[in-house]
Amino acid sequence: MPEDLPILFDFPSRPTIDFTNGEGGERELPVVPLINAVLFPHMLTPLFVGRAPSVAAIEDAMAGERSILAVAQREQDAEDIGPADLFTVGVEALVQRVLKMPDGSTSIVVQGQRRVRILGYIGTNGYLRARVAPIYSEDERTIAVEAMMRAVLSLFERVVKLSRTLPDDSYVMAMNVDEPGWLADLVASTMALDVPRRQEILETLDTEERLRRLSVMLSQELDVLELESRIHTQVQKEVDRNQREFFLREQMKAIQRELGQDDPIQRELADLRERVLLSSMSDIAKDKALEEVDRMEAMSPATPEYSVLHTYTNWLLDLPWTAQTEDNLGLDYAALILDNNHYGLEKIKERIIEFLAVRQLAGPKLKSPIICFVGPPGVGKTSLGRSIAEALGRAFVRASLGGVHDEAEIRGHRRTYIGSMPGRVLKAMKEAGANNPVFMLDEVDKLGADFRGDPASALLEVLDPEQNDTFRDHYLDVPYDLSKVLFVTTANLLDPIPPALLDRMEVIHLPGYTEEEKFQIARLFLVPKQLDANGIEDMGVRFNEAALRHLIRHYTYEAGVRNLEREIGAVCRKIARRVAGGRSYPRVVQPRQIEEGLGRPRYSHGLAETADSVGVATGLTWSAKGGDVMQIEVMVMEGKGVLTLTGHLGDVMRESAQAALSYARANAQRLGIVNRQFERIDIHIHVPEGAIPKEGPSAGVSLATALISALSERPTRRDVAMTGEITLRGRVLPVGGVKEKVLGAHRAGVGTVILPKKNQRDLDEVPAHVKRGLRFVYVETMDEVLETALVG
């Protein structure tokens, strides 16, 4: 800083502080800024000075009257100090001793003399000098001041007793101070106050007010110390109790060793450690288990954490890390098992035999496929998984995923939660007892998602052969190998399955059964099963062919055989009741006994329409329950050109009806629609069974056929069913679910099926006896449809 600089600026006087110049008047003093400290009058304080300006100020003071101005910094991190960085009230101090330290800094001992107000600053020889005026205040011993002094001493005594940093003689020193202002300064300098609060005490000139502010600060400090003391006492009690328990346990161990007895807890932990060391788990899992055993040895068995660690370690030990069953790779044996358990399903059986054949040749290099069976309820998807396990000679485990909304159901809960457990995947692996079971994930299309996570996303790792060799459950938090597991999933529909999950699975469709297949399944599997379940297998009871076909046609209407089995069981229960009551019972069940036991037939077999009708067409539908036929009715009446659609139709189906009407109006003359002014007629299209939602474009040709039949007054053939999407130009586009729709048409007794020409290839999967019982017409335009569907 340049020498002989003028006064930089003067501070305005503060209205809240009454500064009064007394003896000695104004003075110039070298300035020593204080970091994290405030010096009070009469106090002897050591200071460490390291900054060059401060060292120069000390040297200047020692060359003169040894007086300095000690004033606190406003910002404690500031290095280049200017006048604006310092408070306006400081303390004139006398330097008692100066020591040079080895690191180049200077240690000084100063004693505060009196408060001063800074009037301005002068820069001299690289350090600040200040013009100051002394501040004097009268210490009157009024009753109020005396009361405040006693209150401060009482609070200070309690603070000293509770504080671990204040020496006991601090209170003794305070007791021997008679002047109120001096007492306040002494207590404030002794307490661990921050710089703003210390400066507040320094700048408070009125003695009574200074004591009052100090008592508030002492009360706050006392509250903190009392709370700290309570916490410390509680912690100390807990530590003492744990140390006492540890000491007693060690003594008990020593006594038991002398008596030749073993501690059962220690024996259990030793056995647990030995099991971990001898186990075949991975190195990562073994290290984790040994770490948990070490923690259990260091804690009391009565603590909740002990049982958590014990359960966790047992889970690691119980999982099949390397244990596996040996695959039965005999192709003939596997084919025999599959044929004995299931009728038909040739495609699925062929895929299983292929897997065994490749396993024979490739060995462990073969990665297990992820198979997804898709089909309507009751076609045997779940039982097929059991048959696969039996054919392979593997363990079989199953987890139903219907309605699962929580990701933790798949991956498990983290151990931070009370009662946490592994997810369904590892629970099933523990149940299997081998690391290569057939694992069936049932109803994978019915997974949900909410705020607890998305289980379908958690399955991505489980069902990915490239990732599942290091599957991590949240509970175990160690890698587990799932690559040897043969995962089989089931679903009724593919649409709800996320694309990323569907991409990992090999989809195999299971269509609904034909009547012939249902008959064979009932004869070979369902009837013997229900006879045995109802205790009449040795009574010579059997169902003849007519009775079974009567059951299939008139008491069930489904793609699978679940209801068929239920109805067979109901008939068997009627017979069992007669047997148990000592009454006569039929040895051969015929259609008459079926109706006596189950009541009147519930479904009519054959076509719904008994004659060719105008404005009625038979369409083909497909749903999760399989294929079926659907009647579409059209009524034309006088009106104002309004098109009404009823029957719980979806948006796409409504658009198909509008497209069919537009096609009919545009080609009215060519289609034989005469004497029809569309703006003067209303058209009502209705699809019966209005409680059932209907959607999709495949009813387009059926809607157009019924509409044109009603407008042209030409009847449609009752034994013709059709499916296909229609365009405005009358083109017929391919649709899905053809196999199921054809089976539904065959079940309903339809004679002719109209299909889009591009769907002809889909008939390869239809059983031969079904195709022999139907006549197929492949079309590309509506003209071809009408040529077959309309009479005349």
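Reader: Arg549, buried or exposed?
Author: Arg549 is buried at 15% relative accessibility, where buried means under 20% relative accessible area, exposed over 50% and partly exposed in between, with a 1.4 Å probe and protein chains only. This is a predicted model, in which local features need pLDDT of at least 70 and side-chain atom pairs count only at pLDDT 80 or more, while totals for chains, interfaces and linings use all residues. Residues are numbered from 1 along each chain as its sequence is written, and side-chain values use heavy atoms, with hydrogens and water left out.

Reader: What does the side chain of Arg549 meet?
Author: Glu545, in a salt bridge of 2.9 Å, N to O; the term needs a side-chain nitrogen of Lys or Arg within 4 Å of a carboxyl oxygen of Asp or Glu. Glu545 is partly exposed, at 44% relative accessibility.

Reader: How are Glu545 and Arg549 placed in helix 18?
Author: They are four residues apart in helix 18 (residues 545-554), so about one helical turn separates them. Helices (H or I, at least four residues) and strands (E, at least two) are DSSP runs, numbered from the N terminus.

Reader: How many salt bridges in the whole structure?
Author: The search finds 43. One of them joins Arg394 to Asp327, with the closest N and O atoms 2.8 Å apart. Arg394 sits in the loop between helix 12 and strand 9 (396-400), and Asp327 in the loop between helix 9 (304-318) and helix 10, 67 residues apart. Both Arg394 and Asp327 are buried.

Reader: And Arg398, which residue does it pair with?
Author: Asp442, again by a salt bridge, at 2.9 Å from N to O. Arg398 belongs to strand 9 and Asp442 to strand 10 (residues 438-442), so the pair ties together parts 44 residues apart in sequence. Arg398 is partly exposed, with 41% relative accessible area, whereas Asp442 is buried at 2%.

Reader: Which residues are linked in a network?
Author: Lys288, Glu292, Arg295, Glu305 and Arg415 are linked by salt bridges.

Reader: Which residues of helix 8 are buried?
Author: Ala285, Lys286, Ala289, Leu290, Glu292, Val293 and Met296.

Reader: Change of topic: how much space lies in the second largest pocket?
Author: About 650 Å³. A pocket is an open set of points on a 1 Å grid over the protein atoms alone, with protein on both sides within 12 Å along at least five of seven lines, and lining residues have an atom within 4 Å of a point. The volume is the space filled by probe spheres set on the points.

Reader: Which residues are closest to its centre?
Author: Of the 26 lining residues, His342, Gly380, Ser383, Val561 and Glu565.

Reader: Which helix gives the most to that lining?
Author: Helix 12, with six residues.

Terms used:
1 Å grid on protein atoms, 1.4 Å probe; cavity = no way out; pocket = protein on both sides within 12 Å on 5 of 7 lines; lining within 4 Å.
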